[in-house]
Amino acid sequence: MKPAPFQYVAALSVEDAIALLSKYGSDAKLIAGGQSLVPMMNFRLARPEWLIDINRISGLAGIAQKNGALRIGSLTRYSELEASEAVQRSVPLLGLMLPHIAHKAIRNRGTIGGSICHADPAAEMPVAMLALDATFELRGPTGTRRIAADDFFIGQMTTGIEAEEILIAIEIPEIKNSEKHGFSEFARRRGDFALASAAAVLRFNGERISDHVRIAVGGLSERAERARAAEALLAGKAPTAALIEEAAKAAAAEVKAGSDLHATEAYRRSLIATQVKQALAVAVDHTSSTGAKK
Amino acid sequence: MSVKTTVSDTGPWVGQPLPRREDARLTAGAGTFTDDIRMPGMLHAAFLRSPHAHARIVRINADKARALKGVHAVITGEDVERLTKPISTIIPFKMFLPNYCLAVDKARYVGEPVAAIAAVDRATAEDAAELIEVEYEPLPAVVDPWEAIEQPPSFVFDEIKSNVIWHDTFSYGEVDDAFSRAAHVVSDRFSVQRYISTALETMGVIGKWDSSGLTLWSADQRPGFATHALTTALQIPHSQIRLVSPYIGGGFGNKRKATYMVIVALLAREADRPVKYLEDRQENLLGLVHASNQVMDLEMALDADGKILGLKLRDVVDEGSNVINPTLHSMLKFTNMLNNYTIPAVRFEGYAVLTNKCHSGANRGIGKPFMCFVIERAVEMAAKKVGIDSLELRRRNFIPASAMPYESPMGNVYDSGDFLATLDTALKTANYDDLLKQQEEARRAGRYFGIGIATAVEPNSLNLSAYTLMTGRTDTSGVGEGALVRMEGDGSVRVSLGNTASGQGYETVVAQIVADELGIHPHRVTVAPGFDSAVNPWLHCSGSFANKFSGTDVGAIIEAARTIRAKILRIAAHLTGRKAEELTIREAAIWVHGANEPLLPLAKVAMTAYRDLLRLPEGEMPGLEARHFYVDPQSNLPAMSKDDKRLRFQLTFSNSAHIAVTEVNPDTGAVKIHRYIIAHDCGREINPMLVEGMVHGATTHGIGGALYEDLIYDENGQMLAGSFMDYLKPTALDVPEFEVVALETPSPFTPLGAKGVGEGGSIPSLAAITNSVEDALKPLGVTLTELPLTPNKIWDAIQKARAEGKDT
């Protein structure tokens, strides 16, 4: 279980990384925390000819608050996010979600940008990004562009990033006064990839949910998805138990779920309903249990 | 936790919870394992393994691999057929099925080694493996064991035109009569999946040739069989093969792999360099060894009072491609099918079936976890049918303590144990009445809360005469072990064993045993941590298997120590003009019995034995070294009459009762273990701290088997759980804090009254958890007969029950 031969090169600046990407194109892979890429290389499922290390680029990691949004550098490690008061306060969803990502040792190394660009349909980060309306800042040879999370995730481990582009930062709007977050996940064991996960962001008009409803689901066949039918059901209504149940069922019915070794499609859809229901319950009543139950 | 933790400053040392002396070294990363050994010029091996479950190998072209820079040797099946003989079976079997170290004519499971490369490093060797071109002609894969018997899509070995490698019926007592008298009969089909221990250290071998022959370093736990296999395969004298086992990072029965050794020996000879091979985890999961998946049809006859009258069993063991030691699971199951009950009549029809899967083999408890699963599930079903509590049914059927020693219809002799007391201790520790109240409340609140009980025997040591009954061959019998005890001139002692320690703590417990025998402090006893066939005393049955340490191995250690003790006393008597019978040894000195002052230091006697050769008693050989080969006196020969298939298959019997308290989440099917209570009796405990560690580890193995682990194959024979992402071990977060209570009923059959404990937790845990989960789902009327209990499977069962309107 050793990787196929590859060339290693360390980029010292973003420009440097872009120049290397432009030179080697799809023969190259950026490596940040390496928590997904390295196992895939060891299994020889990923065989980049060039490995461009971006860990030494300064300024690519860090968390800043600006204009009502949190700007997170793509090289920021999960454990830095977990430890950040700004993240916990301004984006409670991330605080609820981060402990579900693998284990501490992996969170010490893995990066937010790495997870987003890897786009594993069972990973937690893309689910949170969709629910939070995150925007990704990409830079390439022709300059900088911004793309919404929902446009970025395309399919299984496929995203809208071009071969010569690098993800610079993630921008997440800070929580509003009337906004509540929830997250829930079911995995075989704590730290495993999700069989089903759900994130909820609800803004309220008094007792009623406003038009701003975001439900995102993970553990699916292709990519993390928004459950728009479920969102529509909730918009403008009071969050009764019956309504939440109905929304959870709608979410389970509308997303693309499949079968694998650990879950048949029927079981997975049932888990999706359970997790959406739980995420909504957490959002509606933040004092209730947080996160997933086994 | 019940474990005693106080250690006294004086002996007797047996029975004291001495901390493991291995731990400081191992936890600091200072142990020398196979992979830690490096040699000048050493090459690294990689194997090309079959991607097909079943395929004829049409041709192999390794030219490109051989031409790759850094590659020193490449071997394929052609070379192997030319250079070696098939590897001998561990136990000679009726029919000859060639087993080479690489696939020769066809590949028989996904992951079977097809070619091997030695190169300057492992990555280069793996690059070379990719360059080998193999033309396969895929054949239909044999996957389902019943299909393998009844409608075989193909034959795993064309030589025998069948996939049934063994089929026999063993009948004890009046079975038909028992069923004709029965008031109740319960019957069902039960199954268990493949799972395996996955030791932290994967299997590895280093091979090196020189003018004295072949030396191998390997984490092998059965050195006697390994070297025998090598001598037949490589056709070199046994005396020219030296096998060294350094530290072994967990064995559990899995680490015996002559095929790897032969491959490494061939590569090392071809390259004329030392060669190291170490499995990666994927190879370990695909191809080291699997515990068999098994299916058993049970019929249990009971009288109106719930007394078990007899069993009819039909059992199928999926051996995979195992031609090394098939029938192991079958044998260890049927001979123990009583569990801890008086069952006068048992008929067992067994099939051992070849399929296109990894070969099956030994793993912690071999077959007995499934034996216990079947019996303890059947006991629950029977209690429902008879209309009594299952605890009461157990009580009515336990072998009573007063009947010990008790001879089973199969000829096993249960040495000791009070099964009723074990069960009652578990119930008391669990506060069983309280648990029932909690359950009532939980059920009223709509929660699925279960209490599951299973009781079990844990058989110890294995009389290898048993194989005569399976194979008809009569060249292997009994069981024994070797021990070497040497007191040095300063009175300190070194010990080495034929058994290869793989994490059990032998360095600690053997020192305790020898310290007591020789009247010294355990700190003065050093136990060799590894094995060296050129140094250690060993037999072909030497090694770590079948829970044999506490009876068989201890016998060898004690006999060797007593030989030294007697010699010390003879020399001391000679030096002091006393009679040996007047003297004793304690606190590292020679004493006259009852005296207040020691007579002379032990070191004085020891020094005399090594250097003052002319002052030794006449005819006394110098030195204080004893090598003892022990035959377990409990082992016997089979009757060899056609009708008498009784034998003392296993030699002593520990026992336990497990109570699992679980809750099922009806939405997800997930099982949460709230509490796990264990009462167990392994006779006299040599070291209670180590005993409790064994109980925790073995029970965790069972939790893995019950809820998580599955070496699952698809219908084409592809293995789907090839990494720890899909092969799920229970982690520390998934295992409850065990509540363990020990009973100590000394065995009259072993030198110290001690019995085995390494496998015990593995045996009842499958049943305890399943009984608990079924009890949790009682409002739904779910019956569970297939392991593992994955959340998906439990959820399916809940949906089915609800669809049938069973929910209350």
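The following legends describe close-up views of a predicted model.

**Figure 1. Packing of helices α11 and α20 in chain B****.** Helix α11 (residues 368-386) of chain B packs against helix α20 (residues 762-776) of chain B at an angle of about 35 degrees. The axes of α11(B) and α20(B) lie 7 Å apart, and α11(B) passes α20(B) in a right-handed crossing.

**Figure 2. Residues at the contact of α11(B) with α20(B)****.** From α11(B), the contact is made by B:Lys368, B:Pro369, B:Cys372, B:Phe373, B:Glu376, B:Arg377 and B:Glu380. The residues contributed by α20(B) are B:Ser762, B:Ile763, B:Pro764, B:Leu766, B:Ala767, B:Thr770 and B:Asn771. By class, seven residues of the contact between α11(B) and α20(B) are nonpolar, three are polar and four are charged.

**Figure 3. The side of chain B that touches chain A****.** Contacts between the two chains involve 20 residues of chain B and 18 residues of chain A. On the side of chain B that touches chain A, α4 (122-131) and α21 (791-803) of chain B each supply at least two residues. The largest share of this side, four residues, comes from α4(B). Classified by residue type, the side of chain B that touches chain A has eight charged, seven nonpolar and five polar residues.

**Figure 4. Domains of chain A****.** Chain A is divided into domain 1 (7-53), domain 2 (63-173) and domain 3 (180-284). The centres of domain 1 of chain A and domain 3 of chain A, taken over C-alpha atoms, are separated by 34 Å.

How values were computed: Residues numbered from 1 in each chain as written. Chains lettered and ligands numbered in written order. Predicted model: local features only at pLDDT ≥ 70, side-chain atom pairs only at ≥ 80, totals over all residues. Axes fitted to C-alpha atoms, helices over the stretch in contact; angles between N-to-C directions. Left-handed = near helix turned anticlockwise from the far one by under 90°. Contact = placed C-beta atoms within 7 Å. Nonpolar A, V, L, I, M, F, W, Y, C, P; charged D, E, K, R; others polar. Domains from an automatic or database assignment.
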